[in-house]
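Let's walk through this structure together, one neighbourhood at a time. Keep the sequence and the 3D view side by side as you read.

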Amino acid sequence: MSFLSDLHELSYEEWLNHYEAPRSIDEWMQLKANSALGYYASTPSTAIDAYGNTKLGENALDSLLAGAGSRNVALGQAALSGLTTGNNNVAVGQEALFGLTSGDNNTAVGKEALLTLVSGYSNTALGDGAGSSEGVTDINSGLFLGRNAKPLEAGSDNEIVIGASVTGNGSNTTT
């Protein structure tokens, strides 16, 4: 049995006694809007009050704070595993968006895509390692297409980088 599957197997009272659980029926029902599959894919501390999140893979989306995020999708081992607050993020691939702790509307597809991003919004990365660069922890509205396509520096805004192993030229540029 797991935390979420127990919601279906136990009565509400049994479940409350077994887990540190929400104390109102509204909170309990809200948990059912989340989906989790995989070893450590869901724990009580990450699921309570979070709404509409989907987690598939070991340690996927495992740091989300209670009530601090909704409509996030993490598919892959450790995908979105650092996220504590954020909405509408999509990570597909091993360690995609791994370091993101806060941010909204980011999409990363590929192993280690946007791996180093810690905070940022509205970024899109497609390709293994896309959008990841050592020391680059905050970018906004970036587009990175291609294996290891990466931003020039931290703090970049509206940077578009297309091509394998291409480094961008900074804010408001297309490379």
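Asparagine 140 touches Gly120, Tyr121, Asn123, Ser156, Asp157 and Asn158, where touching, or contact, means heavy atoms within 4.5 Å, and residues up to four places away in sequence are not counted. Asparagine 140 sits in strand E11; helices (H or I, at least four residues) and strands (E, at least two) are DSSP runs, numbered from the N terminus. With a relative accessible area of 18%, asparagine 140 is buried. For that label, buried means under 20% relative accessible area, exposed over 50%, and partly exposed in between (1.4 Å probe, protein chains only).

Before going further, please note that this is a predicted model, in which local features need pLDDT of at least 70, side-chain atom pairs count only at pLDDT 80 or more, and totals for chains, interfaces and linings use all residues. Residues are numbered from 1 along each chain as its sequence is written, and side-chain values use heavy atoms, with hydrogens and water left out.

Isoleucine 139 also lies in strand E11. This isoleucine is buried, at a relative accessible area of 2%. Beyond four places in sequence, isoleucine 139 has contacts that include Leu114, Leu117, Phe144 and Pro151, along with Gly120, Tyr121, Asn123 and Ser156. Gly120, Tyr121, Asn123 and Ser156 are also among the residues that asparagine 140 touches. From isoleucine 139 to asparagine 158, the C-alpha distance is 8.3 Å, with 19 residues of sequence separation.

What does glycine 129 touch, not counting residues up to four places away in sequence? The list is Lys111, Glu112, Ala113, Asn148 and Ala149. Glycine 129 and leucine 145, 16 residues apart in sequence, have their C-alpha atoms 9.9 Å apart. Serine 133 belongs to the loop between strand E10 (124-126) and strand E11 (139-140). Serine 133 is buried too, at 14% relative accessible area, and its contacts beyond four places in sequence are Thr116, Lys150 and Pro151.

Let's turn to another part of the chain. Leucine 75 is in strand E4, which covers residues 73-75, and counts as partly exposed at 30% relative accessibility.

What about the nonpolar interior? In soluble globular proteins, nonpolar side chains tend to be buried together. A nonpolar core here is a set of buried Ala, Val, Leu, Ile, Met, Phe, Trp, Tyr and Cys residues joined through side-chain atoms within 4.5 Å. The largest such core has 22 residues, and Leu80, Leu97, Leu114 and Phe144 touch the most other members. Most residues other than glycine have a negative phi, and most peptide bonds are trans. Asparagine 59 is not a glycine, yet has a positive phi of about 60 degrees. Asparagine 59 is in the loop between strand E2 (54-56) and strand E3 (69-70) and is partly exposed, at 25% relative accessibility. Serine 165, likewise not a glycine, has a positive phi of about 55 degrees. This serine is found in the segment after strand E14 (160-162). Is serine 165 buried or exposed? At 55% relative accessibility, serine 165 counts as exposed.

Finally, here is the chain as a whole. The chain has 4 helices and 14 strands, and of its 175 residues, 42% count as buried. Among contacts between residues at least 6 apart in sequence, 4% join residues at least 24 apart. The chain exposes about 8,000 Å², with carbon and sulfur atoms supplying 51% of it; accessible areas come from the Shrake-Rupley method with a 1.4 Å probe, and for residues only the protein chains shown count as cover.

How confident is the predictor? pLDDT is its confidence in each residue, from 0 to 100. The chain has a mean pLDDT of 81, and 70% of its residues reach 70 or more. Over residues 43-48, pLDDT stays under 50, and the model has 22 contacts beyond four places in sequence for them.

Notes: pLDDT is the predictor's confidence in each residue, from 0 to 100.
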